[in-house]
Amino acid sequence: MVLADLGRKLNSALSQFSRVSSVDQEALDALLKEICAALLESDVNVKLVSSLRQKVKAKVKAALDTGADKGREGQRKNIVQKAIFDELVHLVDPGVEPYKPRKGYPNVIMAVGLQGNGKTTTCTKLAVHYQKRGFKSCIVCADTFRAGAFDQTRQSATKAKVAYFGSYTETDPVSIAAQGVEKFKKERFDVIIVDTSGRHKQESELFQEMVQISEAVKPDMTVLVLDASIGQAAEAQSRAFKDSADFGAIIVTKMDGHAKGGGAISAVAATKTPIIFLGVGEHLADLDKFAPQPFISKLLGMGDVQGLMEHMHDVAMANPNKQKEMAKKFEEGKISIRDWREQIQTVMGMGPISKIASMIPGLPQDMLAGSDEEGAHRMKKLLYITDSMTAEELDSDGMLFMELGKDGKPIGLSWRVWRVARGSGTHVRDVEEVLCQYRMMANVAKQAGGKKGWLQAAQKMQ
Ligand code: GDP
């Protein structure tokens, strides 16, 4: 995944910086040079990159001037790392909140964009996304321009078990859109997605049609579907569309295959339009919710608890009893190694390992390196290790693996770690690493779930 390459470069620059002995101008310049080069390679606009550099420098200077570092190198490093994190978030943050569909109301979402950008695929992905979250969703195919468009919608909607509407004979897209929306409103659908025609290039006919459909169906939100491969040209395209169809949000597709993804995202953010999702593959589940902070956090290998919780929420919806049980455990902050193992097994069945693994906080970057097969192999090793644990150990919070001193505080590893390493054909350090990852996960989940509970936290994010 190309975006992961950008993430790895940023991450490697930051970890190199964390090892410098003195945080001086030279170290900061070297770090900024690496970060900026990685962003430029990802097609981020040179002005945006230069502004990021200036802002980081100014923030660091201001913080050091106030004496916030207290003369300690660790503190100075934190200041720099935080400034970089904040400015990367700023780079992809349009500062505008998107429309949020609500239940019990017919939310009409109209998708517009050029042909081939992934509009039809994205409409089905969107319907599936909302359906999984309990919204009764459907698609209206108002694309009469492209031969076979209705067949494509019919096939993908049928596969996704989503209701659809369209016509083989009607040639007026405005009439189809109006009929479809009216029908689904009567049938009390919550999310009605209208797929409009695309064109090979921006032309007046397309824009006129968009305006007419928009007048007929009065969308609550118009979404522009943009292909990531255009990189920073996304800014011009999004402005051209904005002048005709006043869209409220953007979905950037094909983020899985393009080196210019970072450019597209930052260009869109510069137009002050919120990106709501990223298309990250051809399958129906390949739609990632986008939010600036979790996106950067995941990019830098710091995990994406929100994204992970969303995924778990999807799975939990398929098994409500399990959902209740897990919600309770999160609420109480009592996640055992067995629960963690189950989560990992579940997420392994949810998509490519690189995508899922990058959401789990505490998984080291090298877990994500290489191909999906290599990633899957590493995750499997983690499962073998937990396979060698006894029931008592699996149901514990990991403290059983520690040798405790007289005061009850851990003083080293217990014999159990050696036994599990032998049983699973791995090394003691592998077992130690797994226990350490488990503890990080348990801590983060506890903080994220807190007293409100994991379920509520996940629902709040919808
Ligand atoms: P439309 O003309 O805009 O409706 O585009 P389609 O939905 O027909 O998509 C065009 C092609 O892009 C199809 O082959 C899709 O499978 C592919 N596609 C759509 N979204 C993505 C994505 O996020 N990643 C990848 N790799 N391919 C995508």
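How far does a polar side-chain atom of Asp256 lie from a nitrogen atom of the ligand? The distance is 2.7 Å.

The model is predicted, so local features need pLDDT of at least 70 and side-chain atom pairs count only at pLDDT 80 or more, while totals for chains, interfaces and linings use all residues. Residues are numbered from 1 along each chain as its sequence is written, and side-chain values use heavy atoms, with hydrogens and water left out.

The ligand is surrounded by 18 residues, the closest being Gly116, Lys119, Thr120, Thr121 and Asp256; a residue counts as near if one of its heavy atoms lies within 4 Å. This shell comprises 2 nonpolar, 10 polar and 6 charged residues, where Asp, Glu, Lys and Arg count as charged, Ala, Val, Leu, Ile, Met, Phe, Trp, Tyr, Cys and Pro as nonpolar, and the others, Gly among them, as polar.

| Residue atom | Ligand atom | Distance |
|---|---|---|
| Gly116, polar backbone | oxygen | 2.7 Å |
| Asp256, polar side chain | nitrogen | 2.7 Å |
| Val280, polar backbone | oxygen | 3.5 Å |

Taken alone, the ligand exposes 580 Å², of which the protein buries 81% (Shrake-Rupley method, 1.4 Å probe).

Helix H5 (residues 119-132) gives the most to this shell, with 4 residues; helices are DSSP runs of H or I with at least four residues. H5 packs against helix H6 (residues 149-160) at an angle of about 25°, with the axes 10 Å apart. The two helices, H5 and H6, are therefore roughly parallel, a term for angles under 35 degrees.

Conventions. Polar contact = N/O pair within 3.5 Å; in protein donor to acceptor, adjacent residues only side chain to side chain. Axes fitted to C-alpha atoms, helices over the stretch in contact; angles between N-to-C directions. Parallel < 35°, antiparallel > 145°, perpendicular 65-115°, else oblique.
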